[in-house]
Amino acid sequence: MIQYRNVTVTGCGVTIIDGLDLELPDKGTAVILGPSGCGKTTLLRTTIREDEDEPDLEFSGQILFRGRDVREPGVVLTQLRQRVGLIMQRPVAFPGSALANVTFALKCTTNLSPDAIEVRAKHALIEVGLEPDHYQTQARSLSGGQLRRLSIARTIALEPEVLLMDEPSNGLDPLSVAKLERMIADLAQHRLVVVVTHDLALARRIADKVFFLWPYPKGCKLVESGTAAEVLDHPQCPETQLFVATAQKGAEAIEESGVILHDDDAEECLPRRIELLGESPASTKRR
Amino acid sequence: MRIACFLSTAIVLTFFLAMGIDLIVQGMSGFHLGYFFGPVLDSGRAGGIGPVIQSTFLIVFLAIMFATPMSLGGAILSVEILAKYPRLSHFVRRTFDVMVSVPSIAVGLVGWSLFCQGLNLGFSILAGSMTLALMLAPIMTAAFIGGLDAVSKSIRRESLALGVSRWHTLWLQVIPAAWPALLAGVMLALGRATAETAALILTSGISIHPPEGILDPGATLAVHMYYLARNVPGGEPMAYSAALALLLINIVLYFLLSRLGRIVST
């Protein structure tokens with residue numbers, strides 16, 4: 001469905017993503033895993049050409065959606081963004097009611113009648129599990145979990161073929177995360193859902209396929225990919241092994257691994273870079 | 001530090017209070033029934049300020065009408081269109097900032113040469129309002145830029161990510177969210193417009209007759225006040241009355257626009 005070919009993104013003179021090659025499946029849930037600040041969000045943003053709005057970001061390579069380069073001159077940006085929906089890490093409420101939040105994009109981008117727009121918006125709200133009591137509630141007064149669901153409803157009302165979700169479980173309690181997981185499973189039945197996260201437990205539960213990225217000093221690269229069981233239960237690369245072990249044992253795992261983690265804390269607008277120094281478990285990389 | 005802050009605020013407030021009391025004490029003598037609507041008599045020493053109020057409203061209203069779209073255009077250019085070119089955007093913003101500090105008499109001279117002479121409008125309400133619009137545009141643009149800048153970048157990102165065009169995003173999300181700040185910019189400009197004298201003396205003239213159209217000359221309250229104080233022997237008490245009237249009109253306009261802002265933002 002989506003192929004990334006030799007994708008390189010630089011920002012503020014630093015390489016964020018370095019020659020990434022990655023192919024996402026046609027359907028199901030693909031989880032992109034990696035440490036915070038490694039460029040996962042940037043990868044999603046480049047998919048819908050959001051990087052073009054940032055004067056500091058420079059892109060090279062190709063992103064193919066259904067075989068066509070999304071940056072070809074003939075591709076209409078607004079249509080691309082309706083077909084590939086992006087749900088932000090920190091969704092914001094548009095002014096107005098929850099229903100108006102969902103109808104807004106439909107009014108601007110479709111020729112549907114007002115009645116049809118309302119029907120489609122309500123259907124999207126039902127699909128994400130927002131109760132009819134909330135339809136007329138001011139969107140800004142919704143809770144974090146409700147706002148995230150509203151944000152998903154805004155996007156799925158446009159019936160996108162691909163749904164990109166950036167850290168969807170961020171800031172949600174376990175009950176809300178459970179609801180979210182069920183929703184993602186439902187949505188993934190009819191389309192490709194790409195979830196970017198660093199939450200291993202979430203990835204394990206929802207992923208049909210996992211892609212593990214690592215922020216090397218020269219930029220982010222794909223380290224390992226496979227099913228959740230392959231990548232998370234039997235990681236082959238030292239970076240994945242370290243990441244999985246740290247999620248289970250904390251700092252102890254870093255000490256046991258015998259590597260020195262040279263971690264540049266990401267400054268504003270700069271990517272994070274992690275270098276493994278010293279002895280690291282040698283292994284074959286699975287791609 | 002705290003005492004210094006209290007003291008500085010007290011000095012400003014005391015001065016403002018003293019000015020208000022002075023205006024009321026000296027200006028009330030000229031107030032009478034029909035002062036706001038009556039004709040100007042005896043070169044302004046008697047009668048009301050009806051024609052002056054008419055001219056004031058016409059000049060200020062037209063100036064705001066001319067300046068608002070220009071300023072909104074400038075602000076949209078700086079914040080939205082040039083967002084991809086930060087250096088150019090910075091240059092445009094700094095240019096507007098410099099234009100705010102251009103003396104009004106200089107704008108008046110340009111207006112006189114451009115509109116009164118160039119377009120052959122002579123001393124007229126139209127020439128005055130266009131000159132005033134040129135003076136207000138940088139002030140309003142700077143305020144509008146602040147308003148558009150203050151709208152969360154996330155709102156733009158979310159809207160654009162839904163495939164909504166840049167213009168729909170601007171008109172349906174960004175500008176409504178910036179309404180209170182845009183209105184504050186208009187209020188600021190209104191205050192400047194009603195208080196302006198130098199630029200208008202050179203372009204709209206000093207007439208105490210009721211204007212029959214926008215090609216007639218007309219004096220604003222501030223110009224009328226200046227005229228009474230400087231050119232009419234014995235006109236000072238009525239100048240105080242005009243000043244009091246101007247202060248009252250400004251206060252009423254301020255509250256009306258604040259109310260409008262609250263209604264719009266809810």
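Modeller: A crossing of two helices is left-handed if the near helix is turned anticlockwise from the far one by less than a right angle, and right-handed if clockwise. Before we use that, note that this is a predicted model, where local features need pLDDT of at least 70, side-chain atom pairs count only at pLDDT 80 or more, and totals for chains, interfaces and linings use all residues. Residues are numbered from 1 along each chain as its sequence is written, while chains are lettered from A and ligands numbered from 1 in the order in which they are written.

Biologist: Is the crossing of α6(B) and α7(B) left-handed or right-handed?

Modeller: The crossing of α6(B) and α7(B) is right-handed. Their axes come within 10 Å and cross at roughly 145°; axes are lines fitted to C-alpha atoms, for helices over the stretch in contact, with angles from 0 to 180 degrees between N-to-C directions.

Biologist: Which residues make the contact of α6(B) with α7(B)?

Modeller: From α6(B) come Ile155(B), Arg156(B), Ser159(B) and Leu160(B), and from α7(B) Arg166(B), Thr169(B), Gln173(B), Val174(B) and Ala177(B). Two residues are in contact if their C-beta atoms, placed from the backbone, lie within 7 Å.

Biologist: What makes up the contact between chain A and chain B?

Modeller: Chain B gives 18 residues and chain A gives 21 residues. On the chain B side, α6 (153-161) and α7 (166-195) each supply at least two residues. Helices here are DSSP runs of H or I, at least four residues, and strands are runs of E, at least two, numbered from the N terminus.

Biologist: What makes β9(A) and β10(A) a pair?

Modeller: Strands pair if DSSP finds at least two bridges between them. β9(A) and β10(A) have 7 bridges in the antiparallel sense, so they pair. Leu213(A) has Leu222(A) as its bridge partner, and a hairpin through 2 residues joins the strands. β3(A) pairs with β9(A) in the parallel sense over 4 bridges, with Val31(A) bridged to Val210(A).
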